[in-house]
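Have the structure open and follow along.

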Amino acid sequence: MLYSALINVMVKAARRAGRSLKRDLGEIEHLQVSLKGPANFVTKADKRAEEMLYEDLAKARPGYGFIGEEGGSREGADKSHTWIVDPLDGTTNFLHGIPQFAISIGLQREGTIIAGVIYNPANDELYIAERGKGAFLNDQRLRVAGRRQLDECVVGCGLPHIGRGDHQLSSREMAAIQNKVAGLRRFGAASLDLAFVAAGRLDGYWERNLQPWDIAAGQIMVREAGGTISGMEGSDDPLKTGHVICGNEFVHGELVKILKPLEK
């Protein structure tokens, strides 16, 4: 399939960094049994992947700004374009040898995400989206699921863990959703959760307290697959709020109706 020059740049960068992460994943099993543990190793893998992505993207598009999870914000001469990058989304999964993690690259032009790539090197699944051109998984066009009965839907979510998130609010949300859906899933990598909604694997998804690099590529993925995505208010920008609700138009609306009142 023929992609634009922009998408080709993003895919090439993601695949190169992905090869590095896949090699590192193979080392995790050996590190699990060491007294030191694999945490330091994963931190190095994460930073190395981000530097590889920065090098490739900066070489292909000199002057673009860059926001990465590890290295923070790097301003470029071109103030209208910014890469928003997570070099290893799903770090805890990676740390435990669970093959549910991804490289996420979004490109923002004057405040709007215009392209996204999400790549899981463990299973070689490559999701791409470009504004106005649709979303794809390994060259197959994506559409969000069409279910319009919440009790037939499988919905993804995030869960707070030790030291992070509002545990009481999360408990209220889970209780409100659990008896209305066919199933809840927590996979541990926000970018892939959004990609799963775009692919119709999940009917909907919500999570709070995310960062722009968790959301940027997945946001355009969902929209280009025909889905609706917002913050908890139903029409706000998740990149600004850090909170996400998405699905087809019906599922998105139902989730907003359930979740929005619980904040109060």
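This is a predicted model: local features need pLDDT of at least 70, side-chain atom pairs count only at pLDDT 80 or more; totals for chains, interfaces and linings use all residues.

**The pockets**

Which helix gives the largest share of the lining of the largest pocket? That's α4, with four residues. At least two lining residues also come from each of β3 (78-89), α3 (91-95), β11 and α6, and α4 itself spans 167-178. If you want to look at the middle of this pocket, go to His161, Arg164, Arg186, Glu207 and Leu210, the closest to its centre of the 33 residues that line it.

The second largest pocket is lined by Asn8, Val9, Lys12, Ala13, Arg16, Arg19, Asp56, Lys59 and Ala60. Two helices, α1 (5-32) and α2 (39-60), each give two or more of these residues, and α1 has the largest share with six.

| Pocket | Volume | Lining residues by class |
|---|---|---|
| Largest pocket | about 700 Å³ | 11 nonpolar, 12 polar, 10 charged |
| Second largest pocket | about 170 Å³ | three nonpolar, one polar, five charged |

**The sheet**

Now for the strands. Five of them make an open, mixed sheet, in the order β10-β9-β11-β13-β12. β10 (183-185) and β12 (228-230) are the edge strands; each has a single partner, so one side of each has no neighbour in the sheet. From one strand to the next, the twist averages 15°.

Strand β9 (residues 154-157) runs parallel to β10, and the two are paired over three bridges. Within this pair, glycine 156 sits opposite arginine 185 in β10.

Helix α5 (residues 190-198) packs on the sheet and touches β9, β11 (204-207), β12 and β13 (244-247), with its direction at about 155° to that of β11. Helix α6 (residues 212-224) lies across β12 and β13, and it runs at about 145° to β12.

**Leucine 255**

Is leucine 255 buried or exposed? Leucine 255 is buried, because its relative accessibility is 0% and the cut-off for buried is under 20%. You'll find leucine 255 in helix α8 (residues 249-259). Leaving out residues up to four places away in sequence, leucine 255 touches Val155, Ile177, Gly204, Tyr205, Ile245, Cys246 and Lys260. Aspartate 24 is 231 residues away from leucine 255 along the chain, and their C-alpha atoms are separated by 38 Å.

Methods:
Residues are numbered from 1 along each chain as its sequence is written. Side-chain values use heavy atoms; hydrogens and water are left out. Buried means under 20% relative accessible area, exposed over 50%, partly exposed in between (1.4 Å probe, protein chains only). Contact means heavy atoms within 4.5 Å. Two strands pair if DSSP finds at least two bridges between them. Axes are lines fitted to C-alpha atoms, for helices over the stretch in contact, and angles run from 0 to 180 degrees between N-to-C directions. On a 1 Å grid over the protein atoms alone, a cavity is a set of points where a 1.4 Å probe fits but cannot get out, and a pocket is an open set with protein on both sides within 12 Å along at least five of seven lines; lining residues have an atom within 4 Å of a point. Grid points are joined across faces, edges and corners, and a volume is the space filled by probe spheres set on the points. Ala, Val, Leu, Ile, Met, Phe, Trp, Tyr, Cys and Pro count as nonpolar, Asp, Glu, Lys and Arg as charged, and the others, Gly among them, as polar.
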